[in-house]
Amino acid sequence: EVERALSVLSELEVRMRGTDIGDNLLYHQALLEEERGRWEEALEHFERMAELYPYPHSTLYDDAMWRAGNLALEHGEAERAVRYLEALVSHREESLGTGSYYTEWTDDAQLLMGRIHLEHLGAPAAAARVFEELASFPDSTLADDGLWWASRVYLVQGREGRSCSTLRRLLTRFPYSNHGRRARAALTSQGCSRSSSSSSTGSKSSVSGNSSSFSRTSVSSTSP
């Protein structure tokens, strides 16, 4: 049945390429390949869809890049996952008035990208940059996550003063954040009341414990 469906979709896609349903046909081919466990073929279809129907010409563009990023990560392709997620967040737009234009996965993709840099690629500097960018997203429900994770990265880097100041920013901007309790505990355990310099140094620590999870369920069953 799946093979037959793929054959039909493939034939239709050739005939309907460039039309309003062409992206749907490629997207659903990718989903079927993923269902069969053929993840490389699935990624090829997601990439093809993004190439032929880039943002903003397809309403499925972000969904495709989000699924592709999670699928690549699930199969150990961390750098490839970052490329897909970067493609997703690259078209984030700020409105000229109030508010901003985000798609469903924009802030989730930014958070996941930061964690990949930190946990899979061993690139804490890149992770900190991504988390700080997330914290700057207007109206994002994950902006506090960005500050929490940035504070953990700075601690890993031995930048204890910067970690403390970031924790204070979190509590000031988001007094009712889900990270509030652990942020206050971290301020105490890190001796932040005794740290006044954002450039203070110390021994490097590891990112510990069960930090925040994503606000939405990841496509991948093995997302960090």
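Contact here means heavy atoms within 4.5 Å, and helices (H or I, at least four residues) are DSSP runs numbered from the N terminus. The model is predicted: local features need pLDDT of at least 70 and side-chain atom pairs count only at pLDDT 80 or more, while totals for chains, interfaces and linings use all residues. Residues are numbered from 1 along each chain as its sequence is written, and side-chain values use heavy atoms, with hydrogens and water left out.

The cover over the buried residues of helix 9 includes helix 7 (124–135), helix 8 (143–156) and helix 10 (180–189). Buried denotes under 20% relative accessible area, with a 1.4 Å probe and protein chains only. Among the buried residues of helix 9 are Gly161, Cys164, Leu167 and Leu171.

Helix 9 packs against helix 10 at an angle of about 145°, their axes being 10 Å apart. Axes are lines fitted to C-alpha atoms over the stretch in contact, and angles run from 0 to 180 degrees between N-to-C directions. The contact residues are as follows.

| Helix | Residues in the contact |
|---|---|
| Helix 9 | Cys164, Leu167, Arg168, Leu171 |
| Helix 10 | Gly180, Ala183, Arg184, Ala186, Leu187 |

Cys164 also forms a disulfide with Cys192, the sulfur atoms lying 2.0 Å apart; the criterion is a pair of cysteine sulfur atoms within 2.5 Å. Cys164 belongs to helix 9 and Cys192 to the segment after helix 10, so the pair ties together parts that are 28 residues apart in sequence. The torsion about the S-S bond is about -80°, so the disulfide is left-handed. Both Cys164 and Cys192 are buried.

Methods: Buried < 20%, exposed > 50% of the residue type's maximum accessible area, 1.4 Å probe, protein only. Helix = DSSP H or I, 4+ residues; strand = E, 2+ residues; numbered from the N terminus.
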